[in-house]
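Please look through the structure shown below before reading on, and keep it open beside the text. The report goes from one chain as a whole to its parts, and then to the other chain.

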Amino acid sequence: MSETFAPVALAEARPASVVTEGRWIRWLLIGIAILFLALFLVLPLLTVFAQAFAKGFAAYLAAFTEADAHAAIRLTLLTAVIAVPFNLVFGIMASWAIAKFEFWGKNLLVTLIDLPFSVSPVVSGLIYVLVFGAQGLVGPWLLEHDVQVIFAVPGIVLATIFVTFPFVARQLIPLMQEQGTAEEEAALTLGASGWHAFRTVTLPNIRWGLLYSVLLCNARAMGEFGAVSVVSGHIRGLTNTLPLHVEILYNEYNFVAAFAVASLLAGLALVTLLLKSVLEWRYADEIAAGARGH
Amino acid sequence: MPGDTERGGSTAIRVENLSKTFDTAAVLHDFSLDVRAGELLALLGPSGSGKTTLLRIIAGLDFPDAGRIVFGAEDATRLPVQQRAVGFVFQHYALFKHMSVAENIAYGLNARKRSERPAKAEIKRRVGDLLDLIKLSGFADRYPSQLSGGQRQRIALARALAVEPRVLLLDEPFGALDAQVRKDLRRWLREIHDRTGQTTIFVTHDQDEALELSDRVAVLDKGRLEQVGTPDEVQEAPVSATVLKFLGDTIEVEAIAQGGAVRVDGRLTPVRAPEGLVGPIKLYARPWQLQFAEGGEAHLHGVVRSSYRTQGRQRIEVDRPEGKTVVVEAADTNRFAAGSPVGLRIIGGHVFPN
């Protein structure tokens, strides 16, 4: 019996690790962090759901039965369905080029890919208005040919693509750089064509990092407000995405409906968070290089 | 003995006047070399000598600025890597992480066009044969992450052999392994080569590895071929001080040549200078080509700095008056105390112009 007690006694006699703070400081820091999280993250999230159900379940459901809400959901899904695959393909191509080849202007390309993250989304939207708008650079020409970009669905899709541009590429560039080109070279020496090597070697090596980035890209594509707000024109039932619909309802003092629709977006965020955590936990190694880059 | 095996003799690969420049640094200068069918050839050189670049150009993973690569009678200089039928083994294995051992080995066969692809059963049989060859029969369903470095490199070799390449190219194949595994794998590679007769070129910066393993050694320095020959030839008759120095530890001594005789500090040595080499020259000796000697017989004098034992011998560091330190290898009998004065006699070596 005495043997089982000995280590405990030793542990108490030994000074605590040099990088560990005293107990009070530790609890104080943890307490501040939890309080902060509760106040600024958990409380607002709960408020969304509380407000959404403030007038009961029937009122909550009613927010989704009106035609404008349906249109907003459809448009948001459509935007994501176009923007995410586009950025997926572009992101893979860009990271492939950047990670596996040396070429002139590579650093410039990396900087450009990052641009949407450093520019305010409102500015991103304005850029499209200036280019495609009625007074813009190519807008009049497009109007002559009966193509409307601004205050229409194409503008919303373009603005969404712009703001979600960096997600996939930024995740994959460090991952691909870390993996190098040896496996691809091995595949080529074994007689595989470039496409076969890409499909059987490169893609499986980045699959979890890719899924991770698509998840984040999708969350942003569905949730984007600023850039879309500028180009949309807020035409009910036509150019309103979910976030814009929330704003309109809120401005009309229709709080229950506003928060009900908002709860949909909050739910999307929670699902994204859950899937993201699962991926991080299960495939940490395979998305690590990318995760460090963030 | 590796040096004794004479194979075929016909040229399998001809490297003609190859030049390659990366950015502004020239990596290969007008480089030519013939590789004989069935031989095991080592490309030996310090880092930056261009040996890996040469191997990659032969494989088709890099392309030369000038010069030609000829496989047999076929000009392969512009042939894409897929059509060269080379087997390449990378220093860090480059196994496909997400594929099992069997899938890795079968990769090259499965990558073929449907019309050229062997039947499933045939692929399975070939993978089984190769696993037997590399003595990893029970490992077909394992994944690379479950294997040791030595096992991974054997799988990489089997994967390269599976496509029945015209030539096997190995880039520092044992560079990432620890000393004991390295030695085992060297012998094993030699055995596999003797059994398959596969024309093989391997890159190494390790002299022992090159000398032990290869039929012929090509010594590279600064993008040029210094010498190519059997391990015995390059050791007994190095063509330059660079080759000599790269093949092992050397002691460099000022000497005077006259009528074939070589003198150090006015005393005759047993080393003979080739015709035409007269005046001040350099004499290079290996640590075992120096003996301890008393006053009149010694060519060099110095003070013992330290000594240590290595595998039944001892190595003694001797400080010479001019400030240079030389290493002497001797039987592990008399130990020398640090600080004691000693004389050294040269019993062999090579001479080259200053």
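## Chain B as a whole

Chain B contains 8 helices and 20 strands in its secondary structure. The model is a predicted one, and this should be kept in mind with every value that follows. Along its principal axes, the C-alpha trace of chain B spans about 80 × 45 × 40 Å. Of the 354 residues in chain B, 40% are buried. Among the contacts in chain B that have a separation of 6 or more, 67% are between residues 24 or more positions apart.

Chain B is divided into two parts by a domain assignment, with domain 1 covering 2–239 and domain 2 covering 251–353. The C-alpha centres of these two domains of chain B lie 40 Å apart.

## Confidence in the model

The average pLDDT of chain B is 90, and 97% of its residues score at least 70. Residues 1–7 of chain B are a stretch where pLDDT stays under 50, and the model has 17 contacts beyond four places in sequence for them. For the model, the scores are ipTM 0.84 and pTM 0.80.

## An open sheet in chain B

In what order do the 5 strands of the open sheet in chain B stand? The order is S15-S19-S16-S17-S18, and the pairing is antiparallel. Strand S15 (290–293) and strand S18 (325–331) of chain B each have a single partner strand, so they stand at the edges and one side of each is left without a neighbour in the sheet. On average, and with direction ignored, neighbouring strands of this sheet are turned by 50 degrees against each other. As a general point, side chains in a regular strand alternate between the two faces of the sheet.

The individual pairs can be followed across the sheet. Strand S15 of chain B pairs with strand S19 (residues 341–346) of chain B in the antiparallel sense, over 4 bridges, and here B:Ala293 stands opposite B:Gly343 of S19(B). Strand S16 (residues 300–310) of chain B also pairs with S19(B) in the antiparallel sense over 4 bridges, and B:His301 has B:Gly343 in S19(B) as its bridge partner. Between S16(B) and strand S17 (residues 313–319) of chain B, which run antiparallel, there are 7 bridges. One place to look for this pairing is B:Ser306, whose bridge partner in S17(B) is B:Glu317. S16(B) and S17(B) form a hairpin with 2 residues between the strands, in which B:Gln311 takes a positive phi near 45 degrees.

## Where chain B meets chain A

In the model, 18 residues of chain B are in contact with 15 residues of chain A. On the side of chain B that touches chain A, the elements that give two or more residues are strand S6 (86–89) and helix H2 (101–110) of chain B. Sorted by class, this side of chain B has 11 nonpolar, 4 polar and 3 charged residues.

B:Ala102 has its place in helix H2 of chain B. Why does B:Ala102 count as buried? B:Ala102 is buried because 20 other C-beta atoms lie within 10 Å, and the cut-off for a buried residue is 20 or more. When residues up to four places away in sequence are not counted, B:Ala102 touches B:Val127, B:Ala140 and B:Asp141. B:Gln198 is 96 residues from B:Ala102 along the chain, and the C-alpha atoms of the two are separated by 22 Å.

## Domains and a helix of chain A

Chain A is divided into domain 1 (18–52) and domain 2 (56–293). The C-alpha centres of these two domains of chain A lie 31 Å apart. The contact between them takes 5 residues from domain 1 of chain A and 8 residues from domain 2 of chain A. On the side of domain 1 of chain A that touches domain 2 of chain A, the residues divide into 4 nonpolar, 1 polar and no charged.

Which residues of helix H13 (residues 242–251) of chain A are buried? They are A:Leu242, A:Pro243, A:Leu244, A:His245, A:Val246 and A:Leu249. The buried residues of H13(A) pack against helix H4 (67–100), helix H11 (194–223), helix H12 (226–232) and helix H14 (255–282) of chain A. After H13(A) comes A:Tyr253, whose phi is positive, near 60 degrees.

Technical notes. Residues are numbered from 1 along each chain as its sequence is written. Chains are lettered from A and ligands numbered from 1 in the order in which they are written. Two strands pair if DSSP finds at least two bridges between them. Axes are lines fitted to C-alpha atoms, for helices over the stretch in contact, and angles run from 0 to 180 degrees between N-to-C directions. pLDDT is the predictor's confidence in each residue, from 0 to 100. Two residues are in contact if their C-beta atoms, placed from the backbone, lie within 7 Å. Ala, Val, Leu, Ile, Met, Phe, Trp, Tyr, Cys and Pro count as nonpolar, Asp, Glu, Lys and Arg as charged, and the others, Gly among them, as polar. A residue is buried if 20 or more other C-beta atoms lie within 10 Å of its own, exposed if 12 or fewer, and partly exposed in between; C-beta atoms are placed from the backbone. Domain bounds come from an automatic or database domain assignment.
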